[in-house]
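Here is a short briefing on one protein chain. Look at the overall fold, then at its charged pairs.

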Amino acid sequence: MTRGARTGERRQPLIFYGWWVVAIAFVTLAISISARTSFSLLFPAFLEEFGWTRSVTAAAFSIGFLASTAFLPVIGVLMERGGPRLVIPLGAVMVASGFVLATFITTPLGLYLTMGVLMITGSLATSYIVHSMFMPAWFVRRRGLAIGIAFSGVGVGAITLLPAMQWVIDAYGWRTACFAMGALVLVVTVPLNALFQRSSPQEMGLEPDGGPPKGRKGKPAQPAPDPVVDAAWAAIDWTLARAARTARFWWLALAFFCGLFAWYAIQTHQTQYLLESGFNASVAAQALGLVALFGVAGQIALGWLSDRYGREVAWSLTQLGFALASLLLLALEESPSLALLYAMVACQGLLGYGLASLFGAVMTELFAGRQIGRIVATLSLLANLGAAVGVWFLGAIHDMTGSYALGFWVCAGLCLVSIVCIWQAAPRRVRLVAGQAARRAAAEG
């Protein structure tokens, strides 16, 4: 901290630390989400070595998300009591244990316990969900942009870690790849978060968005236009029980369910689908990484766009991205060209992946209160139920029909349902984003 910052002459301390929180989240998500996504790369190896059906093998992913139904409420409580310095390292240890123990499996049950219960469930404590519980507290005017930048770490991790893991699988086998990924998660994410991460600026006597530290003199930030539209709603100190009695809560839950159904169904089965469509393993792995790389730009751009034009507009674009990706995957079965492949990748990354930057912002703006951790955990539980059902559903559809076609049509349809639901939840009718509030103030002035 600079001398000028200590005397309250400038606002850099908060801005610097706020963006330091973003940087830690960027690295953590780069590793943790890549670890979870790597199941798609391991999926063909499991099928080849053990000879299990797709639905039996993919069920590990689904069981992991279902197991989180017991763990997510615990995460919410632990976040309220210990914050990310406790929860994220705990999740990282679970993920690392899952990867290492998976190298000893011989039965589907072993796969379910290691890559499902330990790895998938543990990853929830290191991924979007937990970061959505505390990162919105650091920013108000730039909330969408800040979260988008942090979550874009997923793309950087994917384009580097996923191809590297595929190379290790090809060169040394999937067991060595599991050991390597488990070690990376443990060595990097545990100390980084246990030592340096924080729940909110208030823990350091600071304020969001570059406001001066409490109790210190300094030039205050220019006040932002009042974003509140529904003062009665915004004044409520939301608890989980109170939130669950509102229609908005359930519209949001359904929007999340449908959105993650499509996201994880496509993501998990994409590699195997591309292999069956005639692409080689390196191209299939590269496509998975490129989706996340495009997601770097998509999450930042849609986070920024949501701060200016509203969460509903940005959400609609993300769901159109996944719907288009589903239709392009259908087209790839008939015409497996690189042009269609890269168009599908762009739709997922540039549009679809922007969804991650919106979850925390939407929940915080609708249901801010002392139990926001529990509310986020519960809505995330319902969202993860969508992910679990989607992954299993596509595998089951393929086993029954010999094709993913019906599954991709369902994914496209549910994306449209998710768009309808977010407009019904209507966060704009409670709080305007910074751009909307500024335009309203200009119009009234």
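The points below cover the fold and the salt bridges.

This is a predicted model, in which local features need pLDDT of at least 70, side-chain atom pairs count only at pLDDT 80 or more, and totals for chains, interfaces and linings use all residues. Residues are numbered from 1 along each chain as its sequence is written, and side-chain values use heavy atoms, leaving out hydrogens and water.

**Fold**
- The chain has 20 helices and zero strands (DSSP runs, numbered from the N terminus: helices are H or I, at least four residues; strands are E, at least two).
- Of its 445 residues, 58% count as buried (under 20% relative accessible area; exposed is over 50%, partly exposed in between; 1.4 Å probe, protein chains only).

**Salt bridges**
- The whole structure holds four salt bridges (a side-chain nitrogen of Lys or Arg within 4 Å of a carboxyl oxygen of Asp or Glu).
- E49 and R175 form one, at 2.8 Å from N to O. E49 sits in helix α3 and R175 in helix α10, 126 residues apart.
- E49 is partly exposed at 40% relative accessible area, and R175 is partly exposed at 29%.
- R311 and E365 also pair, at 2.6 Å from N to O. R311 lies in helix α15 and E365 in helix α17, so the bridge ties together parts 54 residues apart in sequence. Both residues are buried.
- R428 bridges to E312, with the closest N and O atoms 3.0 Å apart. R428 lies in the loop between α19 and α20, and E312 in helix α15.
- R428 is partly exposed at 23% relative accessibility, whereas E312 is buried at 2%.
- Shared partners join D307, R311 and E365 into one salt-bridge network.
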